[in-house]
Amino acid sequence: MGFLKEKITKANPTATHHFLKKLANMKKLTRVYTQNIDNLEEPAGLLVDWKLEKVTKYKGQVVQLHGSMERLRCMNCTNDYPFETHYCGLFKQGDAPRCPNCEERGTYHVKTRITKFIKFIKI
């Protein structure tokens, strides 16, 4: 995850991202549904709301179907917090950053806000 986050941090929005922003500015865009985890819609100027609970009450212009590399979630308390670039070194070493809410407990199980699909195949 550390290597991937570093690559994403260096990436820039594409012409398509800017086109979507232009459509939004013209009031021609209702919502963007994306499977990408790079979050390049936000630097392009589209509104990303991290608290998607109900689509009918959603304020953002972008729905990230598989999550994003922008946020981490604690597997113990489900605290949601930013994936800061200085965490990359920890992930590269096989470790995870400590959850701010669980730090005093001594148990840290963090994962990215990416939906993972695992299919078991009988061989």
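Mentor: We will go from the overall layout to confidence, then to single residues and pairs.

Trainee: What kind of model is this, and how are the residues numbered?
Mentor: This is a predicted model, where local features need pLDDT of at least 70, side-chain atom pairs count only at pLDDT 80 or more, and totals for chains, interfaces and linings use all residues. Residues are numbered from 1 along each chain as its sequence is written, and side-chain values use heavy atoms, with hydrogens and water left out.

Trainee: How many helices and strands are there?
Mentor: The chain has three helices and five strands. Both are DSSP runs numbered from the N terminus: helices are H or I with at least four residues, strands are E with at least two. Starting at the N terminus, the order is α-α-β-β-β-β-α-β.

Trainee: And how much of the chain is buried?
Mentor: Of the 123 residues, 33% are buried. Buried means under 20% relative accessible area, exposed means over 50%, and partly exposed is in between, using a 1.4 Å probe and protein chains only. The accessible surface is about 8600 Å², and carbon and sulfur atoms hold 53% of that. Those areas come from the Shrake-Rupley method with a 1.4 Å probe; for residues, only the protein chains shown count as cover.

Trainee: What about contacts across the sequence?
Mentor: Take the contacts between residues at least 6 apart in sequence: 58% of them join residues at least 24 apart. A contact means heavy atoms within 4.5 Å.

Trainee: Where is confidence lowest, and where is it highest?
Mentor: Strand S5 (residues 110–114) is lowest with a mean of 56, while helix H2 (residues 15–25) is highest at 96. The score is pLDDT, the predictor's confidence in each residue, from 0 to 100. Over residues 117–123 the pLDDT is below 50, and that stretch has one contact in the model beyond near neighbours in sequence. For the chain, the average is 82, with 77% of the residues scoring at least 70.

Trainee: Changing topic. Which residue does UniProt list for "active site"?
Mentor: The unreviewed UniProt entry lists His66. UniProt positions are given in the numbering used here, feature names are shortened, and annotations may be inferred rather than shown by experiment.

Trainee: Where does His66 sit, and is it buried or exposed?
Mentor: His66 is in the loop between S2 and S3. His66 counts as buried because its relative accessibility is 18%. Its side chain makes a polar contact of 3.4 Å with the side chain of Gln35. A polar contact is a pair of N or O atoms within 3.5 Å; within protein, one must be able to donate a hydrogen and the other to accept it, and residues adjacent in sequence count only if both atoms are side-chain atoms.

Trainee: Which residues come under "binding site"?
Mentor: The unreviewed UniProt entry gives Cys74, Cys77, Cys99 and Cys102. They are spread over 29 residues of sequence but cluster in space, with a largest C-alpha distance of 8.8 Å. Cys99 lies in the loop between helix H3 (88–92) and S5, and Cys102 is in the loop between H3 and S5.

Trainee: Why does Cys99 count as buried?
Mentor: Cys99 counts as buried because its relative accessibility is 0%. Cys102 is buried with a relative accessible area of 0%.

Trainee: How many salt bridges are there?
Mentor: The count is three, where a salt bridge is a side-chain nitrogen of Lys or Arg within 4 Å of a carboxyl oxygen of Asp or Glu. One of them joins Glu70 and Lys5 at 3.3 Å, N to O. Glu70 is in strand S3 and Lys5 in helix H1 (residues 2–10), 65 residues apart.

Trainee: Is that pair buried or exposed?
Mentor: Lys5 counts as buried at 3% relative accessibility, whereas Glu70 is partly exposed at 25%.

Trainee: What about Glu6 and Lys92?
Mentor: Their side chains form a salt bridge at 2.7 Å, N to O. Glu6 lies in helix H1 and Lys92 in helix H3, so the pair ties together parts 86 residues apart in sequence.

Trainee: And Asp80 with Arg71?
Mentor: That salt bridge is 3.4 Å, N to O, and both Asp80 and Arg71 are buried.
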